[in-house]
Amino acid sequence: MAYYFIFPEIDTTIYSHPDRTKMNTGNDEILEIVKEKGSSDQRYYPSRVLIKFKNEEIKSTISDKIGSSTFNNGTSKVSLQLLSTEHKNLVNILNLEAFAVSQSWDEGTGRFSNLPTSSNGATWVYRDNNTTKTQWTTSSFAVATTGSIDTLGITKGGGVWYTGSAFQGSQQFLKGDNLDTDINVTSIVQKFSASLAGRIYPTGIDNHGFLIKQPDSVEQDTSSSFGEMKYFSSDTHTIFPPKLCFKWDDSIHNSQSLAKQNGELSVSLYRNQEEYNQNDEAFFRIHVRDKYPTRQFTSSSNYLNPGYFTTSSFYSVRDSHTEEEVIPFDDNFTKISADTEGMYFKVYMKGLQPERYYRVLFKHTNNEGTIIYDDNYHFKVVR
């Protein structure tokens, strides 16, 4: 029943375009996966994205929020989420791949539009800066790693990463799809976590972040472009920075026999403080009762008796202004729990943007179908 977000420590785009192989863009508001046409030739040159999340936040999320045993039992999931902005001239089928980076790198403070070009951070050629000039490995790679690109006209470089299915994730987009990423990187984060506990390769690897790129076949085809895929970076001035999203199920529901299987229901949210600090863990309760209860003689109020949704009940959180679905209805990870007092769920405010209003929705499925309850249940997150 839980979603928990952490935000990047550093991120940048690196470019193989001949004019930009030593250009750092660590302070840009946009990350982009693009193939740019050369200034003096007909080749198309790919870019890649580097992004890294803090070890301390990964460790505390797993140990303090999820629990190591739950995180490693095969039921939890971690996804790399980048929110899309303006895309251009895209082909019908697009693929993105995310790999675990095997060498350290610096973010830098450069920008695409800087003149002269800044090179005090990671670029296509260097993983630190244009002064120290520590190059990405381009040959004789360490065991189980690879990198660079072997294509005529493209400068070698562009990062180094681990090979093998446990060290990568991917996502395909078809024409008309939402281009926000939700790349499954669970196995990679498990490797990072194991390293923080002292395990070494292949069980654990140092966290140097993720590299996001198009497949080799697309990058190596320098005769055409696939368009421009653009995403908000950690330096964005919007409410859409990249996120590492942890999802797990800690729901409990032992009251299925008491659940409302039919009839119209009246649903209300209580224990809602309506304003929460961004570090709070909010515990919400839901009061469920028949909208038109059967008339009967009783010594207590029907309003005091706990009612229950079925086990097929879920919550969702949306931004009240943009209608962005921050936490979607998720059949695996947003189940609503039940105890002797009724239904409840928890929302971690840490992953929500401060000074914003959010709205809670409920979904309930029983013998009469599925109903969405959206009764303007709001709360605000503050700093």
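I call two strands paired if DSSP finds at least two bridges between them. Strands (E, at least two residues) and helices (H or I, at least four) are DSSP runs, numbered from the N terminus. The model is predicted, so I noted the limits: local features need pLDDT of at least 70, side-chain atom pairs count only at pLDDT 80 or more, and totals for chains, interfaces and linings use all residues. Residues are numbered from 1 along each chain as its sequence is written, and side-chain values use heavy atoms, without hydrogens and water.

Sheet. I looked up β15 and found three bridges to β22 (residues 369-382), the two running parallel. E275 stands opposite K380 in β22. The open sheet has five strands in the order β15-β22-β21-β17-β18, with mixed pairing. β15 (275-277) and β18 (325-327) are the edge strands, each pairing on one side only.

Loop. I went to Q214, between β11 (210-213) and α4 (216-219). Is Q214 buried or exposed? Q214 counts as buried because its relative accessibility is 3%, and buried means under 20% (1.4 Å probe, protein chains only). Its side chain reaches the backbone oxygen of N95 at 3.1 Å.

Lining. I sorted the residues around the largest cavity by class: eight nonpolar, two polar and three charged. Here Ala, Val, Leu, Ile, Met, Phe, Trp, Tyr, Cys and Pro count as nonpolar, Asp, Glu, Lys and Arg as charged, and the others, Gly among them, as polar.

Methods. Buried < 20%, exposed > 50% of the residue type's maximum accessible area, 1.4 Å probe, protein only. Polar contact = N/O pair within 3.5 Å; in protein donor to acceptor, adjacent residues only side chain to side chain.
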